[in-house]
Amino acid sequence: MPIRDVLLALLVVAIWGFNFVVIAVGVAEVPPLLLTGLRFLFAALPAVFFVRRPDCDLRWVVAFGLVLGVVKFGLLFVGMKAGMPAGLSSLLLQMQAFFTMGLAFALLGERPKPAQLVGAGIAALGILVIASTRTGAGAPLGPFLMVLAAAACWGLANIVTKKAGTRDMLGFVVWASLVAPLPLFALSLVFEGPQAIAAALLHPT
């Protein structure tokens, strides 16, 4: 692999890790469902006016926006607000790879090769060992399960992406991001309340 590609991959990993630090800071200041809605609002706007709609059935765009945006990120943000550490959350969320493999087998009939199963088993064991030590160090079970469920939803979102069959991933993500804000804002209004929303929007730190 060219050194340029290796460096780009490391850059993605660094941005991915720092993203969880930002989430942890954000949910300490803003109600998590509201923050999730704002995340997707600004992912969609103004980009949706400049990026073409993806060349796939609109139902897959909506499904992706609901599964990934509303459920997966909603669970992740709420779980981190409830006590999941940023580092453990980023690690546990990688269980999505194993959920994707299982769902691809169950829903798409894709059979992993024996070597892939062995590698996945070793990787999953490593994640669970690290996660178990961190859980004992103070991560509550409820938030832990929320982030694990978020990983499962990410796996399901990967299946939706495969079914959509589009190569225009930028357009797919931007237009799907437009689906998430209204449901998230509605959930925030119900569960977090208008006072918390107003305080976060009118008095940001």
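This is a predicted model: local features need pLDDT of at least 70, side-chain atom pairs count only at pLDDT 80 or more; totals for chains, interfaces and linings use all residues.

**Exercise 1. Describe the ring pair made by Trp-16 and Phe-20.**

Step 1. Begin with the place of the two residues. Both Trp-16 and Phe-20 belong to helix H1, where 4 residues, or about one turn of the helix, lie between them.

Step 2. Next, take the geometry. A pair of aromatic rings is described by the distance of the centres and the angle of the planes. For Trp-16 and Phe-20 the centres are 4.9 Å apart and the planes make 70 degrees. Planes over 60 degrees apart count as edge-to-face, and Trp-16 with Phe-20 is such a pair.

Step 3. Trp-16 has a relative accessible area of 26% and is partly exposed, whereas Phe-20 is buried at 1%.

Step 4. Finally, look for further partners. Trp-16, Phe-20 and Trp-154 are linked by ring pairs into a cluster. The structure holds 5 aromatic pairs.

**Exercise 2. Work out how the rings of Phe-73 and Phe-77 are arranged, and find the charge over the ring of Phe-73.**

Step 1. Phe-73 and Phe-77 are in helix H3, and because they are 4 residues apart, about one helical turn separates them.

Step 2. Their ring centres are 6.1 Å apart with the planes at 75 degrees, so this pair is edge-to-face.

Step 3. Both Phe-73 and Phe-77 are buried.

Step 4. Over the face of Phe-73 lies Lys-72, at 3.7 Å from the ring centre. The charged end of Lys-72 also sits over the ring of Trp-154, 4.4 Å from its centre.

**Exercise 3. Is Thr-36 buried or exposed, and which residues does it contact beyond its neighbours in sequence?**

Step 1. Use its accessibility. Buried means under 20% relative accessible area; Thr-36 has 0%, so it counts as buried.

Step 2. List the partners. With neighbours within four places in sequence left aside, Thr-36 is in contact with Gly-69, Phe-73, Gly-74, Phe-77 and Leu-184. Phe-73 and Phe-77 are the ring pair from the previous exercise.

**Exercise 4. Find the buried residues of helix H8 and the helices they pack against.**

Step 1. Helix H8 covers residues 169-177, and its buried residues are Gly-171, Phe-172, Val-174, Ala-176 and Ser-177.

Step 2. These buried residues pack against four partners: helix H2 (32-44), helix H3 (58-81), helix H7 (141-164) and helix H9 (181-191).

**Exercise 5. How many salt bridges are there, and what does the one between Lys-162 and Glu-110 tie together?**

Step 1. The count comes to 3 salt bridges.

Step 2. One of them joins Asp-5 and Arg-4, at 3.6 Å from N to O. Asp-5 is partly exposed at 31%, while Arg-4 is exposed at 58%.

Step 3. Another joins Arg-59 and Asp-57, at 3.5 Å from N to O. Here Arg-59 is exposed, with 55%, and Asp-57 is partly exposed, with 41%.

Step 4. In the salt bridge of Lys-162 with Glu-110, the closest N and O atoms are 2.4 Å apart. Lys-162 lies in helix H7 and Glu-110 in the loop between helix H5 (96-108) and helix H6 (114-136), so the pair ties together parts that are 52 residues apart in sequence. Lys-162 is partly exposed at 49%, and Glu-110 is partly exposed at 33%.

**Exercise 6. Decide whether the peptide bond from Leu-45 to Pro-46 is cis or trans.**

Step 1. Recall the background: most peptide bonds are trans.

Step 2. Read the angle. From Leu-45 to Pro-46, omega is near 5 degrees and the bond is cis.

**Exercise 7. Which residues make the nonpolar surface patch?**

Step 1. Phe-18, Val-21, Val-22 and Val-25 make a nonpolar patch of about 370 Å².

Step 2. Take one member as an example. Val-25 is in helix H1 (residues 3-29). Exposed means over 50% relative accessible area; Val-25 has 53%, so it is exposed.

Notes: Residues are numbered from 1 along each chain as its sequence is written. Side-chain values use heavy atoms; hydrogens and water are left out. Buried means under 20% relative accessible area, exposed over 50%, partly exposed in between (1.4 Å probe, protein chains only). Helices (H or I, at least four residues) and strands (E, at least two) are DSSP runs, numbered from the N terminus. Contact means heavy atoms within 4.5 Å. Patches are made of residues with over 30% relative accessible area and no salt bridge: like charges are joined within 9 Å, nonpolar side chains (Val, Leu, Ile, Met, Phe, Trp, Tyr) within 5 Å. Accessible areas come from the Shrake-Rupley method with a 1.4 Å probe; for residues, only the protein chains shown count as cover. A salt bridge is a side-chain nitrogen of Lys or Arg within 4 Å of a carboxyl oxygen of Asp or Glu. Rings of Phe, Tyr and Trp (its six-membered ring) pair if their centres lie within 6.5 Å; planes under 30 degrees apart count as stacked, over 60 as edge-to-face and the rest as tilted. A charge sits over a ring if NZ of Lys or CZ of Arg is within 6 Å of the ring centre and within 35 degrees of the ring normal.
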